[in-house]
Amino acid sequence: MSESEQLTELAKRRGFFLQTAGVYGGVAGFYTYGPAGATLKDNLEAAWRDRFVTREGHMEIDAPTVMPEPVFEASGHLDGFDDMIIECVECGASHRADHLVEDYPELDVEDAEALPTEEVAELIAEHEIACPACGASLAGEPVEEFNLMFATNIGPGSSSPGYLRPETAQGIFVEFPQLAEYARNQLPFGVAQIGKAYRNEISPRKALIRVREFTQAELEHFIDPEADEPPLERVADVTLPLYSVEQQQADDGEIQEVTVTEAIEEGIIESDWVAFYLGLAKGWYERIGVDMDRFRYRQHLPGELAHYAADCWDAEAELAGDWVEVTGFATRGSYDLDKHAEHSGEEFSVFKQYDEPITVERPTVDPEMSYLGPEFGDAAGEIVAALESLAERDPDAFDGETVTVEAGGEEYEIPVEQTGFAIEEVTESGEHVTPEVIEPSFGVGRLVYTVLAHAYEEDVVDDEERTYLSLPPELAPTTVGVFPLMDKDGLGEKAQELAGELREAGLSVTYDDAGAIGRRYRRQDEVGTPFCVTVDYETLEDGTVTVRERDSTEQARVDVDGLGAVLSALRDGEQSFGEL
Ligand code: GAP
């Protein structure tokens, strides 16, 4: 079995995840988290919230997953959120054309998404790439853009089209005017959201890695690019494994291990804010159990950038030999706020108060309508707007006898004396600033999968092969397995009582009295339970139990009194097992 098959098999058997609606043959791109998986996912989200929301002092919102059409017209998703599709005429299967090119062994193309559709079609034709479903040649088939949005209707009829959100971010951007009020119009501020996103992927694959419904944990950090700086001192010495555009394009390109400070000083990472988040996130990935030997930050190639992004670094995890994006760290500039301002006509900026009012010279126009009206008729209104805009952009244009403006595709020459041009002195108490956005966007499902894959271990204990998940205790679905050595002589009752007490102490506990003790340990090992407690005859005599640690399989005798506090300390990393 391959690494991913082993994991998918374990995931189903132990209740992490399974394909949705299997009884009806399943549906591609949809997975249901079982009891263990749902808890693991909750724990991962709690760790994310702790790191990126609570400890950073950001806000969190919860917006609907369905949004009306204007939201996505403005955001650009209706026009630009496409993948390349190619269809097989023989069997009717659809495929991601860029993935076919990337997966073709004789072609060394890492990022076909960055290529134009025609070039991808040419590569498929040239190499006679075959349909993965039926083996027929796809040469000559057209490669087209396919929009990934799921469409629906809001209410009966079709008068109010809506879409399932393809990213949680838009739910934050559309509420910016109100969110800025909650932040008392003080930049910088961050707004987070954890929730479902939907993409009608052409070919979902690799279990949770490419699905059609998935959870994102996104942070939109609104900053004043002229004034706000990240607290770089907190991450200055964190080492980042960086795979920059330059290294990707070099013949012998490699991952560079540099500190956050070096990455900025050497110009590898352009944005200080992105560098800050790469540093902050690295510690968090370690905390949730991502193997740092199977991890890197890769910069997007220019053609790979999303329509809204100015630059982007992906956190990538190595899974079964492939590098998979688990998080995108994008600089979105003011793209989204500008677009929503333009489409809604509302103000998507904050008013930044100066420490003291300042006096500035402001070019103004006050055109003579009794001249413009008779002279230019219906075009007069547009000419006034053009004069106002020109005065602001290029006051020197009003230096001569006449000034030329363009309105409605025509050029007009206007005597300057009829424009009422003047330079006025005005006192200003502040200015409107449209913030720029720094966006760390985490795929929760991909992280759950990564954490499971990187925690998957096999060894031999007591001459028996064992599989275990070396999950950090903070993430493990169950913290403690409680077993009676045998279900007789009062051991079962004592163990049940202890399990109840540990649950009351806030621990996640599983009780198991079925089968040999070794088998019970194996079951908990496979689900990643870090500690098991066995109640035996000694417990009845001296009030101690055996506590066993999952990874080392070491055991220690511990008093039942205060056991909840001990196990909580072990879970929270305040005490090590060795100290017992
Ligand atoms: N708001 C920015 C944004 O959505 P993205 O790179 O398209 O950026 C962010 O998505 C993260 O969401 C990715 O890094 C990935 O972890 C996750 N993701 C995206 N598409 C996915 C899919 N089809 N299945 C599972 N996770 C996905």
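Predicted model: local features only at pLDDT ≥ 70, side-chain atom pairs only at ≥ 80, totals over all residues.

Entry 1, the aromatic cluster. One aromatic cluster is formed by Trp48, Phe52, Trp284, Tyr285, Phe295, Tyr297, Phe329 and Phe442. Searching the whole structure, I get 25 aromatic pairs. I took Trp48 and Phe52 for a closer look: their ring centres are 5.6 Å apart and their planes sit at 35°. Stacked planes would be under 30 degrees apart and edge-to-face ones over 60, so this pair is tilted.

Helix α2 (residues 35–54) holds both Trp48 and Phe52. They are 4 residues apart, about one turn of the helix. Buried or exposed, I wondered about Trp48? Trp48 has 2% relative accessibility, so it counts as buried. Phe52 is at 0%, so Phe52 counts as buried too.

Which residues touch the most other members of the largest nonpolar core? I found Tyr285 and Tyr297, out of 65 residues in that core. Helix α11 (residues 272–287) gives the core its largest share, 10 residues. There is also a second, separate core of 24 residues, with Ile61, Ala63, Val71 and Ala180 among them. A reminder to myself: nonpolar side chains tend to be buried together in soluble globular proteins.

Leaving out residues up to four places away in sequence, I listed what Tyr297 touches. The list includes Leu240, Pro241, Leu242, Tyr243, Leu278, Ala281, Trp313 and Ala315. Tyr285 and Phe329 are on it as well, and both also belong to the aromatic cluster with Tyr297. Lys282 and Asp314 are touched too.

I checked two cases. Arg466 lies over the face of Tyr468, 3.9 Å from the ring centre. Lys41 lies over the face of Tyr33, with 5.5 Å to the ring centre.

I count 19 helices and 28 strands in the protein. The domain assignment gives domain 1 as 38–65 + 166–349 + 435–470, domain 2 as 82–147, domain 3 as 354–433 and domain 4 as 478–579. How far apart are the centres of domain 3 and domain 4? I have 79 Å, taken over C-alpha atoms. The C-alpha trace spans about 105 × 65 × 60 Å along its principal axes. Of the 580 residues, 49% count as buried.

Notes
Residues numbered from 1 in each chain as written. Heavy atoms only, no water. Domains from an automatic or database assignment. Phe/Tyr/Trp six-rings, centres within 6.5 Å; stacked < 30°, edge-to-face > 60°. Helix = DSSP H or I, 4+ residues; strand = E, 2+ residues; numbered from the N terminus. Buried < 20%, exposed > 50% of the residue type's maximum accessible area, 1.4 Å probe, protein only. Lys NZ or Arg CZ within 6 Å of the ring centre and 35° of its normal. Core = buried A, V, L, I, M, F, W, Y, C linked by side-chain atoms within 4.5 Å. Contact = heavy atoms within 4.5 Å.
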